[in-house]
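Hi everyone, thanks for coming. Let me put a new structure on the screen and walk you through it.

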Amino acid sequence: MPPFTKISNDIPLPAKEESNPDFRNPLYIGEWKKSIPYVDEDIAIDNLDEPHMKRKLSILKRYPEIEKLYGYDTSTILIVTFSSAAQIFAAYIFGKILVDWNIFMMIYCFFLGASFTQLYGVIIHEATHNLAAATSFQNRLIGLLANIALPFPIAMSFRRYHLEHHTFQGVIGFDPDLPLEWEKKLIRGNSFLKFIWIIIYPIMYVVRGLAMGKEPCFWEYVNWVFTITFDVLIYHFCGMRGLLYLFLSLWVGYSIHPAAAHFIQEHYTFDDGQETYSYYGILNLFFMNIGYHNEHHDFAKVPWSNLPEIRKIAPEFYDNLAYHTSWFMVHWNFIFQKQYGPQSRVGRTVEDHKKGRKLVKTILNDSKILKGE
C-alpha cells in the first residue's frame, strides 16, 4: 500500500499566474528531491522559503471568501473541560478503586488515555494560535487547562516553539521541529532504530527544545508551577498509581498511538518537492481535524472546525497535493520502509529563506495592480 495518495484526474490544476515571480506558483511544489537514507547523507535542501505564505496569497486571490472562516471556536473550551475531567476521573478510578486491574488499565490507557493525551495536544495547538478564545491571555489559560491531565508542563513551551516553527519552517538552526544531527546520522533507515525512536519521541520533543539553548520565558515558569501543583493534588487524591496512569497515557499518546503518526505525517517527505502533508482519514473526527495540516499552515487563523471548508472551497489546490489517508500506514511505512527515516525532511538556510520571502512583496504588488489599487 502506498504511503500517500495523490489524485489529480478529476481535479484541474489551478492556472499558473505568469506575473508571479516564484516558479513554484500556484501549488508551490519545489524542485528538490526527497532525502533517502543510505543514499543521501543529510536532509533535502531547498533554495527558497516554505510554500505556505505564497500559496495562501494564490488561494485568496481566487477565493477571498476564505477569510470569512477566520476566528475562534469556543466549543474547544467545552471539549477540554469534559476531556480533562474524564481523564482525571480515570486516574482516580485506577488509582483508588481498580488497583489490581493492571491489564485493563493498560488497555484503557492505549485506547482512551492516550487518545485523550493526543486530544489535549490538539487543544494546546489551537490555543497556541489563539483559535479557542478571543484574547491571547484566555487562550493561554485554555492551554493550561489542557495541561491539567498531562503530568509534564507542555502547553507554554509548545506555544513558544510551535510559533517559531511556523515562522521559520525548515530553516536550519531556527525551526525546532527539524531532527537533530544524531537523529539523522544514527537512525537512518533501520527499522528497529526507527521503532525505538518513535517510542522515545516524547523525550525528543523536550531534547529538541533544549537544543535551541533558550532561557524559559515567564509563561513557561507559570506552566511548571501550575503542573507541579496539579501533580501534587492528583497524587494526593488519586495516589501514585493514578499519577502513573497519566504518565503512561502521555508516553503512549505521544509515541506509538495511531494519532501520534501525525508527527510524521505533517512534514516528513514522502514525495519529491512537497514538505507538508495532510491526513484526510476518519480519525480527524475525534482529533479536531489535526490532520488538515496543509490547510492549517496556509491559513493559521482558521480554527479546527473550519479547516475542511478550506479544502471544499479550493479543492484544486489541495487534492493535487500528496496526502495521507491512514495514520496506521504512516507509522507502518515509515518504520518498515528503508527509504524513510528521521532525515526525511527538507531544510533551507536562513539566507535562502529571506531570498524567497523577498518575492512576497512582488506578488503583493502584482495583486494590487490586478485589483486596480
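Predicted model: local features only at pLDDT ≥ 70, side-chain atom pairs only at ≥ 80, totals over all residues.

Residues are numbered from 1 along each chain as its sequence is written, and side-chain values use heavy atoms, with hydrogens and water left out.

First, the annotations. UniProt, in an unreviewed entry, lists residues 38-76 as "domain: Sphingolipid delta4-desaturase N-terminal". Its positions are in the numbering used here, feature names are shortened, and annotations may be inferred rather than shown by experiment. In the model, that span is 33% helix and 5% strand, with its end C-alpha atoms 44 Å apart. Helices here are DSSP runs (H or I, at least four residues), strands are runs of E of at least two, and both are numbered from the N terminus.

The unreviewed entry also has "transmembrane region" on residues 76-94, 101-121 and 192-212. Residues 76-94 are 100% helix and 0% strand, and their end C-alpha atoms lie 27 Å apart. For residues 101-121, the model gives 95% helix and 0% strand, again with 27 Å between the end C-alpha atoms.

Now look at helix α7 (residues 191-199) and helix α8 (residues 201-211). Their axes come within 5 Å and cross at roughly 70°. Axes are lines fitted to C-alpha atoms, for helices over the stretch in contact, with angles from 0 to 180 degrees between N-to-C directions. That makes α7 roughly perpendicular to α8, a label for angles of 65 to 115 degrees, while under 35 is roughly parallel, over 145 roughly antiparallel and the rest oblique.

Which residues of α7 and α8 meet? Trp 197, Ile 198 and Ile 199 in α7 meet Tyr 201, Pro 202, Met 204 and Arg 208 in α8, where contact means heavy atoms within 4.5 Å. By class, that is 6 nonpolar, no polar and 1 charged residues. Nonpolar covers Ala, Val, Leu, Ile, Met, Phe, Trp, Tyr, Cys and Pro, charged covers Asp, Glu, Lys and Arg, and the others, Gly among them, are polar.

On a 1 Å grid over the protein atoms alone, a pocket is an open set of points with protein on both sides within 12 Å along at least five of seven lines, a cavity is a set where a 1.4 Å probe fits but cannot get out, and lining residues have an atom within 4 Å of a point. Points are joined across faces, edges and corners, and volume is the space filled by probe spheres set on them.

The largest pocket holds about 980 Å³. Of its 39 lining residues, Ile 154, Ser 157, Phe 158, Tyr 205 and Val 206 are the closest to its centre. Helix α8 comes up again: α8 gives the most to this lining, with 8 residues.

Finally, two backbone details. A cis peptide bond joins Asn 25 and Pro 26, with omega about 5°. Tyr 38 has a positive phi of about 75° although it is not a glycine, and Tyr 38 is found in the segment before β1.
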